[in-house]
Amino acid sequence: MVQAPTPNVMIDVDQVLRADREHLIHPLYHPADHGKPLVIVRGEGAEIIDSNGKRYFDALSGLWNVHVGHGRTALAQVAAEQMGTLAFNNNYVGFANIPSVRLAEKLIELAYSNLHAVYFTTAGAESNESAFKTARFFWKLLGKPNKVKIISRRWGYHGVTMAAASATGLPAYHRMFAPLVPNFIQTVGPYRFRCELEAGGTRPCTLPDGHDYAAALEQTLLDEDPDTVAAIIAEPVQGAGGVIVPPDDYWPKLRRIADRHNVLLIADEVITGFGRTGTWFALDHWNVQPDIVSFAKGVTSAYLPLGGIMVSRQVQNAINEAPADLKFMHAATYSGHPVCCAVGLANVEIIEREGLVERAAEIGPRFIELLRRQLEPLPAVGQVRGLGMMAAVELVDPNATGSAFYDNAAPLAGRAVARCLEQGMLPRRLNNTICMAPPLISTEEQLGRLVDVLGESIKAESAS
């Protein structure tokens, strides 16, 4: 028995686990991966606590999303107050609620200067679905009904609903759910370590500065015929693909390519938004403005589900000027949910008030440099990379050739993460890559211990 977060309530953990095995299907589920799940009962700051009272540093911020840390009672209080005032009313045309209006106003203040309006969703995949539909809607209103294709990149992640999964460039999410949605085209991503443009492509790219990944995307666009393409979608930094940071000229080139061929540019900032990379939104690193931004995760620091898209004035004008019989027939029951939006507004105010974007810009580079200094000398570490408060360590088999150079290291990455777990650290393994995105409130002491434990784990498991 263990005491629950609610005072004087005891929980039979064994019974919980029995019920879990019998009745709950988890995301990315296979029973073999779920033999000894952690039962998490509480969160405090940058840590989560299991049913045995053991503390873990939450090195991935839940799933890239608990920016302000766990246990913020102020956010719980905002949710309770809003529930007691107006828990829900639909936000369809003809209705409005104050929290959704105020949050939309605040997001437009913080985001790229060309953006002017917000449509709210409940999650990142739903946000990307909304972006795809909005792009098609836009071109149909402009008399270009054949512009329907969406170009995305390999190693990109945009969600696992059917259209979002079709844009996602990770085959594991496709295999058992094919066929994918037509008119979603994937092309080369800016993965300089595991470079598709390198001759042979079997070892790290020898001339990463010599490859033009944006030009490769443009060639795909030309092959498909720009008159049939509605949009390019891309994460500023590819997250679930392994924290893939593009060359500095990549996004400016994408913006020019989109303009040259009359295609919308969608920035999937579900992971990179709200300070994760050291700016409010990540394309500010390269002075680029997209036509549509999809967001979720950090907008509420995961305290409630919320996402959305922000669109340029041009796209908003098309929506506003559509004939009545061609109106924007896109909807969701919980769009603009008042409680979620109230918490989102309070969360954004915490990020502002505590200077967490600036904090990520300050300590993030030091965290990545520490990872590089301590881990890159290890034979099993192929590359350390990151931006702001998101980082990855890609492991390799230095004695292997071809694809085995990478693939052989996946079991090592799994063992290293398991050893980290034993030491109270929770990074995430994605194949042969170990990813980290600590809460923006993390201390340098916590980050230093994460680096130490990860380094020790890789060394110990490499020798085993």
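How do α5 and α9 lie, roughly parallel or roughly perpendicular to each other? The first view takes that up. Everything here comes from a predicted model, where local features need pLDDT of at least 70, side-chain atom pairs count only at pLDDT 80 or more, and totals for chains, interfaces and linings use all residues. Residues are numbered from 1 along each chain as its sequence is written, and side-chain values use heavy atoms, with hydrogens and water left out.

**View A. Helix α5 (residues 124–141) packed with α9.** The two axes sit 10 Å apart at an angle of about 65 degrees (axes are lines fitted to C-alpha atoms, for helices over the stretch in contact, and angles run from 0 to 180 degrees between N-to-C directions). α5 and α9 are therefore roughly perpendicular to each other (65 to 115 degrees; under 35 counts as roughly parallel, over 145 as roughly antiparallel, and the rest as oblique). Their crossing is left-handed, meaning that the near helix is turned anticlockwise from the far one by less than a right angle, with clockwise giving right-handed. On the α5 side, Thr134, Phe137, Phe138 and Leu141 make the contact, and on the α9 side Gln314, Val315, Ala318 and Ile319 do (contact means heavy atoms within 4.5 Å). Sorted by type, that's six nonpolar, two polar and no charged residues (Ala, Val, Leu, Ile, Met, Phe, Trp, Tyr, Cys and Pro count as nonpolar, Asp, Glu, Lys and Arg as charged, and the others, Gly among them, as polar). Helix and strand names follow DSSP runs (H or I, at least four residues, for helices; E, at least two, for strands), numbered from the N terminus.

**View B. α11 (residues 356–375) alongside α14 (residues 444–463).** Here the axes are 10 Å apart and the angle is about 25 degrees, so α11 and α14 are roughly parallel to each other. The crossing of this pair is right-handed. From α11 the contact includes Arg359, Ile363 and Phe367, and from α14 it includes Glu444, Leu447 and Ile458. The contact residues of α11 with α14 split into 10 nonpolar, three polar and four charged.

**View C. α13 (residues 410–422) crossing α14.** These axes come within 8 Å and cross at roughly 130 degrees, so α13 and α14 are oblique to each other. The crossing is right-handed. Leu412, Arg415, Ala416, Arg419 and Cys420 of α13 meet a set in α14 that includes Val453, Leu454 and Ile458. Seven nonpolar, two polar and three charged residues make up the contact of α13 with α14.

**View D. The second largest pocket, with about 930 Å³ of space.** Asn91, Tyr92, Val93, Tyr119 and Phe328 are the closest to its centre among 26 lining residues. β6 (115–121) is one of the elements that supply at least two lining residues, and β6 gives the most, with four. By type, the lining holds 18 nonpolar, seven polar and one charged. For the record, a pocket is an open set of points on a 1 Å grid over the protein atoms alone, where a 1.4 Å probe fits, with protein on both sides within 12 Å along at least five of seven lines; lining residues have an atom within 4 Å of a point. Grid points are joined across faces, edges and corners, and the volume is the space filled by probe spheres set on them.
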